[in-house]
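Biologist: Hi! Could you walk me through this one while I have it open? I'll just ask things as they come up.

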Amino acid sequence: MITITIDGKKLQVEAGTPVLEAALNAGIDVPRLCYHKHLLPSGHCRLCVVDVVGYHDPQPACTLAAKDGLVITTRCEDLYRRRKTIIDMLISDHPMDCTICDKSGDCDLQKYAYEFGIKETTLNKDIAREGFKQDDNPFLLRDHQYCILCGRCTRVCDEVVGANAIEFSGRGFESHVATPFDSPMNESACVFCGSCAQLCPTAALLQKGRVGQGREWEFPRIDTVCGYCGVGCRVQYALRPDVEGGMPKNGDREIVYARGYQDSVVNDEFLCTKGRYGWDYATSKDRLTRPLVRKDFAKQLGLTDEDWTLDETSPLQAKNPEENFIPVEWDKALEIITDKVVEAVEKHGPDSVAGLASARCSNEDNFVFQKVIRAAVGTNN
């Protein structure tokens with residue numbers, strides 16, 4: 001461990017630790033746009049420059065490796081002017097339509113423009129590059145006029161996802177993030193995990209289902225665990241805004257979009273395609289929300305007086321399940337299952353029973369389930 005000093009605070013860090021990382025871990029906030037803790041430092045935006053004793057010019061804190069005895073200043077009048085100039089330059093090539101932007105309230109560029117008091121650019125906007133939209137896939141909308149070329153999207157695609165589907169193309173005002181040969185996204189190596197959109201600090205990359213659905217601060221949010229497999233990734237759902245606190249009048253919470261939950265020990269804020277986009281079943285009209293018992297069996301149990309006979313076609317094919325089934329409470333369903341399992345074991349032995357689990361259950365759920373089948377029922381089926 002070595003000792004460095006940041007804004008008068010002595011810190012013990014490992015040699016080679018990026019100064020920006022050391023500062024953030026110590027609770028010292030340094031403005032930044034291209035930096036992300038899970039990506040290799042790039043120094044693209046130069047917003048994190050700091051003064052270092054013994055260095056002639058300010059240094060980008062994200063690429064500056066900690067060495068014993070470094071004395072660093074993160075805030076001073078000169079650094080303020082430099083950072084304000086950088087934001088001014090970015091704003092000169094960026095639409096100032098924050099009032100109608102979908103990313104308003106969750107945009108890093110907007111945050112720093114507010115912090116540095118920049119209402120409009122002091123530079124010549126006539127030379128700014130003209131942005132263009134690309135709507136070529138079912139999941140992501142690319143609007144290049146909002147792109148600040150920070151490189152977060154290209155680096156997460158390369159370093160975390162490993163798809164290498166996008167990279168910088170062109171020079172100067174023609175620079176933009178592109179697929180190979182600017183082909184449609186669905187013809188590239190993109191796996192549509194949406195990590196690029198999650199890490200994008202502006203509205204250059206947005207999930208299509210999110211567009212026009214509300215402002216970021218209006219969405220009620222729920223943190224939960226993804227149900228698609230047993231990995232246990234944490235996911236946060238943004239719910240549709242409603243005058244009754246996000247609860248539509250039918251009582252069902254409608255999901256607008258999903259994103260990774262920061263600092264999850266399993267996935268941090270990264271999700272796969274299914275986790276990020278495969279949640280529409282939650283409010284599907286075909287979703288079963290209560291256990292159902294077939295009517296002929298329900299009559300045997302005394303749950304109904306209605307006569308019903310099994311048709312030649314499967315009762316599961318009915319458009320309305322309640323034509324052939326009646327809903328029961330969970331406690332009643334578990335009681336029925338338990339009684340039938342016990343009856344089968346008594347009559348035909350434990351190997352007459354088999355348990356079928358699901359990959360959508362957590363590993364812990366599946367472990368308990370197999371213990372019930374082996375220990376309680378007494379079979380390895």
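Biologist: What is the phi of the residue that follows α3, positive or negative?
Modeller: The model is a predicted one, and in it α3 is followed by G117, whose phi is positive, near 65°.

Biologist: Thanks. And which residues of α3 are buried?
Modeller: In α3, which runs over residues 108-115, the buried ones are D108, L109, Y112 and A113. Looking down the helix axis, they fall within an arc of 135°, so they line one face of the helix.

Biologist: Why would residues a few places apart end up pointing the same way?
Modeller: An α-helix has 3.6 residues a turn, so residues three or four places apart point the same way.

Biologist: Nice. What do the buried residues of α3 pack against?
Modeller: Two other helices: α2 (77-92) and α4 (152-161).

Biologist: Switching topic, where is R210 found?
Modeller: R210 is in the loop between β10 (205-207) and β11 (221-225).

Biologist: Is R210 buried or exposed?
Modeller: R210 is buried, because its relative accessible area is 3% and the cut-off for buried is under 20%.

Biologist: Which backbone oxygen does its side chain reach?
Modeller: That of G214, at 2.8 Å. Setting aside neighbours within four places in sequence, R210 also contacts D102, R215, E216, F219, V256 and Y257.

Biologist: F219 and Y257 both have rings. How far apart are the ring centres, and at what angle are the planes?
Modeller: Let me take the aromatic pairs in order. The count comes to five. One of them is F139 with F192, a tilted pair with 5.2 Å centre to centre and 45° between the planes. F139 lies in the loop between β6 (133-134) and β7 (140-143), and F192 in the loop between β9 (176-178) and α5, so this pair ties together parts that are 53 residues apart in sequence.
Modeller: Now yours: the ring centres of F219 and Y257 are 5.9 Å apart and the planes are at 85°, so that pair is edge-to-face. F219 sits in the loop between β10 and β11, while Y257 belongs to strand β13 (residues 255-260), so the pair links parts 38 residues apart in sequence.

Biologist: And how buried are F219 and Y257?
Modeller: F219 counts as buried at 5% relative accessibility, and Y257 is buried too, with a relative accessible area of 6%.

Biologist: Which arginines have their charged end over a ring?
Modeller: R234 is one, with its charged end over the ring of Y261, 4.2 Å from the centre. R360 is another, over the ring of Y228 at 4.3 Å from the centre.

Biologist: Last topic, the nonpolar core. In the largest one, which residues touch the most other members?
Modeller: That core has 25 residues, and C153, V156, I166, C196 and L205 touch the most other members. The elements giving two or more residues to this core are α4, α5 (195-199) and β10. Apart from it lies another core, of 21 residues, including L11, L20, A22 and V30.

Biologist: What does I166 touch?
Modeller: Not counting residues up to four places away in sequence, I166 touches C153, T154, C157, V177, A178, T179 and M185.

How values were computed: Residues numbered from 1 in each chain as written. Predicted model: local features only at pLDDT ≥ 70, side-chain atom pairs only at ≥ 80, totals over all residues. Heavy atoms only, no water. Buried < 20%, exposed > 50% of the residue type's maximum accessible area, 1.4 Å probe, protein only. Helix = DSSP H or I, 4+ residues; strand = E, 2+ residues; numbered from the N terminus. Arc of directions from axis to C-beta. Contact = heavy atoms within 4.5 Å. Polar contact = N/O pair within 3.5 Å; in protein donor to acceptor, adjacent residues only side chain to side chain. Core = buried A, V, L, I, M, F, W, Y, C linked by side-chain atoms within 4.5 Å. Phe/Tyr/Trp six-rings, centres within 6.5 Å; stacked < 30°, edge-to-face > 60°. Lys NZ or Arg CZ within 6 Å of the ring centre and 35° of its normal.
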